[in-house]
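Please look at the sequence and the model below before reading on. The report that follows describes how some of the side chains pair up.

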Amino acid sequence: MRQFFLAIFLMGSLLACNPAPDTFGKLDLKKWRGDRGGCNGVRATLVPDFRAEIQNLKGKTTNTIGELLGRPDINQIADRNQKFYIYFLEKGSHCDQPGLKSNSRSVAIRMSAIGLATEVTFQNGLP
C-alpha cells in the first residue's frame, strides 16, 4: 500500500514540474520569451504567428498565459479586479529607460476578475 502512494506521489511530482512549452501553435514561444520588452526586434517578426493563436489564448488562466508568453512587460491593474498583461512588440523608450511611458506597438491581454484571458488587443503604448 505504501508503494502505491509513493508511486502516485512521484507521478504527481513529475507532472507538476513540466517546463514551459517551446511553441504554441505556430508561435515560437522560446523566441517570444527571449525578447523581453520587444527590445531586440524579434517579437515584431512573430506578430503574424501571434495573431493566428489569439483565439487559443482566450480562456487561458493568468498562470498559463505567464508560462506561455513569459512575465508581462507591464502588469496593469484595471477596474473590477481585472488586469492587463502588456507585451511590447518593438523597441521603444521603455528599453533604454525602464518605467518611462512608451508609445511602441504592444499587445494587451485582458484578464477577468476570475483570472481568465478574455480579450486580446493591439495598440501603440498602453491600452
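This is a predicted model: local features need pLDDT of at least 70, side-chain atom pairs count only at pLDDT 80 or more; totals for chains, interfaces and linings use all residues.

R36 lies in the loop between helix 2 (29-34) and helix 3 (42-45), and D73 in the loop between helix 6 and strand 3 (74-77), so the pair ties together parts that are 37 residues apart in sequence. R36 counts as partly exposed, at 36% relative accessibility, while D73, with a relative accessible area of 18%, is buried. Together, R36, R43 and D73 are linked in a network of salt bridges.

The structure has 4 salt bridges by the rule used here, including the three in this table.

| Salt bridge | N to O distance |
|---|---|
| R110 and E119 | 2.9 Å |

In the pair of E119 and R110, E119 is partly exposed with a relative accessible area of 33%, and R110 is partly exposed with a relative accessible area of 23%.

## Aromatic rings

The structure holds 3 aromatic pairs. In one of them, the ring centres of F50 and F122 are 6.0 Å apart and the planes stand at 90°, so this pair is edge-to-face. The two residues come from distant parts of the chain, with F50 in helix 4 (residues 47-52) and F122 in strand 6 (residues 117-124), 72 residues apart. F50 is buried, at a relative accessible area of 1%, whereas F122 is partly exposed, at 25%.

Ring pairs join W32, F50, Y87 and F122 into a cluster.

## The buried side of helix 6

Which residues of helix 6 (residues 62-69) are buried? Among the residues of this helix, T62, I65, L68 and L69 are buried. They cover an arc of only 130° around the axis, which puts them on the same side of helix 6. T62 counts as buried at 18% relative accessibility, and, leaving aside residues up to four places away in sequence, T62 touches K83, Y85, M111 and G115. Helix 6 is followed by G70, whose phi is positive, near 90°.

Conventions:
Residues are numbered from 1 along each chain as its sequence is written. Side-chain values use heavy atoms; hydrogens and water are left out. Rings of Phe, Tyr and Trp (its six-membered ring) pair if their centres lie within 6.5 Å; planes under 30 degrees apart count as stacked, over 60 as edge-to-face and the rest as tilted. Helices (H or I, at least four residues) and strands (E, at least two) are DSSP runs, numbered from the N terminus. Buried means under 20% relative accessible area, exposed over 50%, partly exposed in between (1.4 Å probe, protein chains only). The arc is that of the directions from the helix axis to the C-beta atoms. Contact means heavy atoms within 4.5 Å. A salt bridge is a side-chain nitrogen of Lys or Arg within 4 Å of a carboxyl oxygen of Asp or Glu.
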